[in-house]
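User: I am new to this structure and would like to learn how to read its features. Please take me through them one at a time.

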Amino acid sequence: MITGSSDSAEPTDAAEHITVPDAEVEDAPVLVALNMPAGGVPDVIAGERELGRAATALAAGTGPAAIDAERASGYRYGQRAYLIQIRREGSGTWLIDPIACPDLSPIAEVITDVEWILHAATQDLPCLAEVGLHPTRLFDTELGGRLVGLPRVGLAAVVEHYLGLSLAKEHSAVDWSTRPLPEPWLRYAALDVEVLVQVRDLMADDLAAQNKMHWAEQEFDSLTRFTGPPIRLEPWRRTSGLHKVRNRRGAAMVRELWQTRDAIALEHDIAPGRVMPDATLVDLALRSPKTEADISQDGSSRVSKSVRRYQREWL
């Protein structure tokens with residue numbers, strides 16, 4: 001890390017003369033890019049007949065089921081799943097649209113008693129529960145990575161550590177409520193479960209070698225009963241920038257604006273931050289506008305079209 005100001009630093013070309021010892025180059029791991037699922041990119045299951053076919057194939061598979069879910073965080077209200085990926089040895093990878101197929105009971109019947117492998121289970125379990133999918137056994141490769149002592153526990157880092165594969169993550173923050181989903185996004189989604197079984201087995205070996213498997217199993221078992229983070233009694237208090245508000249009247253305005261924004265977001269199924277960013281919400285509370293014209297009077301770029309669209313509600 002470079003510290004201090006660079007304003008007074010003299011120009012230097014020292015970096016041009018820095019060389020990396022041959023030994024370090026030779027020791028650097030050579031990563032293999034994981035760019036395409038072994039069986040190609042699966043079609044998205046969006047009908048009852050296809051769903052039944054997926055359930056039959058998964059029932060014929062063996063071993064644990066690697067599972068992942070994609071949400072539209074930052075785009076839609078709430079954390080519902082817009083795509084579910086399931087892979088099992090002998091049955092391949094299946095991409096399921098839970099919006100088009102709201103009744104996933106055929107899948108639930110097949111995988112409920114099978115060990116699930118998830119990465120960062122607490123992120124996906126609530127949205128999977130919303131569509132009727134509940135695990136009785138699971139293995140969380142993020143939590144397992146923490147117990148093993150890996151320096152980085154993101155999925156790409158864990159895959160790199162155990163398999164020497166490079167896993168792209170460029171589509172992790174896209175709007176998964178988009179229909180139809182672009183092929184590159186579906187390829188990314190399928191790859192998220194492509195090698196989870198192999199990672200799980202190697203990580204389990206490490207946990208056993210460190211005498212931590214029993215500890216891990218207890219943690220994994222507790223996750224099967226995870227229903228989501230506790231409900232906050234006053235969620236508006238988590239508004240970013242609230243510390244700028246110095247009095248009760250301003251805090252009351254933040255609360256009212258937050259609640260109004262949340263109601264608008266829920267009604268239109270939009271992420272609250274897209275209706276009004278926290279920075280704008282706090283700014284309005286501080287300025288206390290009296291008329292619709294006052295809302296955009298400062299000309300700030302933070303006053304977006306969505307803020308102006310609902311400006312009557314803010315007053």
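## Reading the features

Analyst: Asn211 has a relative accessible area of 74%, so this residue is exposed. The model is a predicted one.

User: Where is Asn211 found, and what is its phi?

Analyst: Asn211 lies in the loop between α8 (196-209) and α9. Its phi is near 55 degrees, which is a positive value in a residue other than glycine.

User: Which residues does the cis peptide bond join?

Analyst: The bond joins Arg179 and Pro180, with omega at about -5 degrees. Pro180 belongs to the loop between β8 (165-167) and α7 (183-191).

User: Now the sheet. In what order do the strands of the open sheet come?

Analyst: The order is β2-β5-β4-β3-β6-β7, six strands in an open sheet with mixed pairing. At its edges are β2 (44-45) and β7 (138-140), each of which pairs on one side only.

User: How many residues of β5 are buried?

Analyst: Four of the five residues of β5 are buried, and the strand is mostly covered.

User: Why is strand β3 described as largely enclosed?

Analyst: Strand β3 (residues 62-71) has seven of its ten residues buried, so the rest of the structure largely encloses this strand. A residue counts as buried when its relative accessible area is under 20%.

User: Which strands pair with β3, and in what sense?

Analyst: With strand β4 (residues 81-89), β3 pairs in the antiparallel sense over eight bridges. With strand β6 (residues 116-118), β3 pairs in the parallel sense over two bridges. Ala65 shows both sides: its bridge partner in β4 is Arg88, and Trp116 in β6 stands opposite Ala65.

User: Next, cysteines. What is a disulfide, and how many does the structure hold?

Analyst: A disulfide is a covalent bond linking the sulfur atoms of two cysteines. The structure holds zero disulfides. Cys101 counts as buried, because its relative accessibility is 5%. Cys127 counts as buried as well, at 1% relative accessibility.

User: How are two packed helices described?

Analyst: Two packed helices are described by the angle between their axes and by the distance between those axes. Take helix α5 (residues 141-148) and helix α9 (residues 213-223): they pack at an angle of about 150 degrees, with axes 11 Å apart. Angles over 145 degrees count as roughly antiparallel, and α5 and α9 are therefore roughly antiparallel to each other. The crossing of α5 past α9 is right-handed.

User: Which residues make the contact between α5 and α9?

Analyst: From α5 they are Leu143, Gly144 and Leu147; from α9 they are Trp215, Ala216, Glu219, Phe220 and Leu223.

User: What about α5 and α8: at what angle do their axes cross?

Analyst: The axes of α5 and α8 cross at roughly 30 degrees and come within 10 Å. That angle makes α5 roughly parallel to α8, as angles under 35 degrees count as roughly parallel. Here α5 passes α8 in a left-handed crossing. On the α5 side, Thr141, Gly144, Gly145, Leu147 and Val148 meet Leu196, Val199, Arg200, Met203, Asp206 and Leu207 of α8.

Notes. Residues are numbered from 1 along each chain as its sequence is written. This is a predicted model: local features need pLDDT of at least 70, side-chain atom pairs count only at pLDDT 80 or more; totals for chains, interfaces and linings use all residues. Side-chain values use heavy atoms; hydrogens and water are left out. Buried means under 20% relative accessible area, exposed over 50%, partly exposed in between (1.4 Å probe, protein chains only). Two strands pair if DSSP finds at least two bridges between them. A disulfide is a pair of cysteine sulfur atoms within 2.5 Å. Axes are lines fitted to C-alpha atoms, for helices over the stretch in contact, and angles run from 0 to 180 degrees between N-to-C directions. Angles under 35 degrees count as roughly parallel, over 145 as roughly antiparallel, 65 to 115 as roughly perpendicular and the rest as oblique. A crossing is left-handed if the near helix is turned anticlockwise from the far one by less than a right angle, and right-handed if clockwise. Contact means heavy atoms within 4.5 Å.
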